[in-house]
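Open the structure in your viewer and keep the selection panel at hand. The tour goes from one selection to the next.

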There are 2 protein chains.
Amino acid sequence: MPLITPIEQGRPDQYKQTLVNFLAGDRNYMKPDLAHGVIEMAHGSGGRAMAELIDQLFLKHFDNRWLQQKQDHATLQTEAGRLAMSTDSHVVSPLFFPGGDIGSLSIYGTVNDVAMSGAQPLYLSAGFVLEEGFPLADLSRIVQSMAAAAREAGVVVVTGDTKVVEKGKADGVYINTTGIGFIPETLELSPTRICPGDKILINGPIGNHGVAILSRRENLAFESDIRSDLQPLNHLVAAMTEAVPGIHFLRDPTRGGVAASLNELAHQGGFAMSLEEAALKIDDSVRAVVELLGLDPLYIANEGKLLAFCAPEDADRLLQVMQAHPQGRNTTVIGEVQVGQAGVVSLNTRFGGKRLVDWRYSDPLPRIC
Amino acid sequence: MPLITPIEQGRPDQYKQTLVNFLAGDRNYMKPDLAHGVIEMAHGSGGRAMAELIDQLFLKHFDNRWLQQKQDHATLQTEAGRLAMSTDSHVVSPLFFPGGDIGSLSIYGTVNDVAMSGAQPLYLSAGFVLEEGFPLADLSRIVQSMAAAAREAGVVVVTGDTKVVEKGKADGVYINTTGIGFIPETLELSPTRICPGDKILINGPIGNHGVAILSRRENLAFESDIRSDLQPLNHLVAAMTEAVPGIHFLRDPTRGGVAASLNELAHQGGFAMSLEEAALKIDDSVRAVVELLGLDPLYIANEGKLLAFCAPEDADRLLQVMQAHPQGRNTTVIGEVQVGQAGVVSLNTRFGGKRLVDWRYSDPLPRIC
């Protein structure tokens, strides 16, 4: 069954203009207009609009070597070794969804970002922006969920902050978490180590998180047994890096899904990537929903998945270790890095065809994390 | 001129109930009702409502020794020494105000929280929650302000995150910053070191930040030359701790002002504190506004001030060093810690009177940081 190309979900006018500019050969067509433009939902998606905004605004003014690495964490040299630091503001809507809530998401989201550096996450901060009128019973449930998630991941919330804004100036609660942990000396995970020939692995089926959120959206609630794949990945990463310390790179394909993560890496590294549709697992229930709605699971967010890049000779061992771990039982090798046109990600379909997995301006589901 | 006792600015019904319960001798009168209550603006103020919410909810569920210290930062033991970590979500309204904006505030706010541990802040993360439709030109101005503030404080923004919410679900932009730095081995700043006899110093006049924000509020804009006292305090702290390494404790009196900071410390430590009105500096322009509006500057937020506690024999040297520093020229000794009724902060007026500086449920100005 072929993966279905989705309907473009961004603003029609923006999309049309983007397309017109693209067809006219304008290479700046995705750059934000900093003088006259405004923030669009696309700037918070995992797509190219966000990447361009970060490049043109944040990297430009905060110009430093840590941000230039364009990772979801910074690696900081200290006398005690390399410290990984990562931050995430969580604005998921709705706050409670099948398989989790904003509380567990805010812990695992940052735990996973820190873990992608190879570090064991140790300490987290938590900053709350609360909306006036938000029920304390809901807040209590969220805080308890955070505490349980922190225990599960083996991290401690050591410092925090609470702000309140007037009713109508937020959406219940937003939670920022920032995490730190030390990276073992033996590891050197970096996008610069990805090279042609590398195998690409993922620890299970894709799209569950985004579709679980979608199933509870006010304007499109539907009955299903789909649960978010939300889970901490640090224990899995520890098993992987212990068995295969030479692993090249890890990334969790959250906003924008597998497609956005791979496109960004292929674009930055100047190589091509090829995926095998037959190796990409998608749960039947997820497949049913995405086909109905015309969504492409490659662009849908995950919250308990990681993409691993390793040398071909390490792939079997890594696959074995991942499959032996509770968080990696359904791991498959989904593709490889190739010499080829820089930034091009393609998919070999089940029927012997080939299609482009392009880097979209936006992703179809806003506020999934 | 005596300091004027302010009108209670919280919700009248809540205040009345609080008062009724207080008069009835109910010691739980300020505890949040976690089953049926809702978030009030007071829960984000620096007053007692926030302290109670933190106690009853966050400390209870995240139960750990770092949070139990009830500081604005956590001190984490690492192989490279003690790491200080602090987080703040900034929701100031309006975004631009005399003397600063949400960008510089988000940098200095966290720099100062880290500095209060005695650490030199090194690295910051920045998490943005952006509202759809927010002008990119304003965002650009804010990011440039952050970059300039980071340079001034000598810190680097090493990692970040960008989220977007629908129009009407935020208020332009909220910024979380989380900062880290290492604490010099020679220092041991802790509220547990405050003891009767300690002198209390502050590095200048109070109330400027809150009144500067107030002067630009939509419902109460007025012309004045009052500017926020927003400034980085880490350079001043470095000079202070080098000259007087035995200093007991530092705190920046932000939300809730000097009154909330001192009440919380007196309450936790079980001692009394006495202030001298004649030693408390208040700019004439600030005094004119607070008298007109019936506000008490002791409860108004500062963003460039610190309270220092030291042994009486260190006070002269500390005063000298602070007054010699650009950020401490107007330092005065404003009072002392005393054996007395636990948690009682009092003020000796210019006219030889004495009044209670109580721990209020809320502070009068929401969203000042």
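This is a predicted model: local features need pLDDT of at least 70, side-chain atom pairs count only at pLDDT 80 or more; totals for chains, interfaces and linings use all residues.

Residues are numbered from 1 along each chain as its sequence is written, chains are lettered from A and ligands numbered from 1 in the order in which they are written, and side-chain values use heavy atoms, with hydrogens and water left out.

**Both chains.** Select chain A and chain B. Of the contact residues of chain A, 100% recur in chain B, so the same surface serves both copies (contact: heavy atoms within 4.5 Å).

**Two helices.** Now select residues 234-243 of chain A, helix H7, and residues 315-323 of chain A, helix H10 (helices are DSSP runs of H or I, at least four residues, numbered from the N terminus). Their axes come within 9 Å and cross at roughly 150 degrees (axes are lines fitted to C-alpha atoms over the stretch in contact, with angles from 0 to 180 degrees between N-to-C directions). H7(A) is therefore roughly antiparallel to H10(A) (over 145 degrees). Show side chains: Leu236(A), Ala239(A), Met240(A) and Ala243(A) of H7(A) meet Arg317(A), Leu318(A), Val321(A) and Met322(A) of H10(A).

**One residue.** Finally, select Ser104(B), in helix H4 (residues 102-115) of chain B. Ser104(B) counts as buried because its relative accessibility is 8% (buried: under 20% relative accessible area, 1.4 Å probe, protein chains only). Leaving aside neighbours within four places in sequence, Ser104(B) is in contact with Ser145(B), Met146(B), Ala149(B) and Leu230(B).

Notes:
Angles under 35 degrees count as roughly parallel, over 145 as roughly antiparallel, 65 to 115 as roughly perpendicular and the rest as oblique. Buried means under 20% relative accessible area, exposed over 50%, partly exposed in between (1.4 Å probe, protein chains only).
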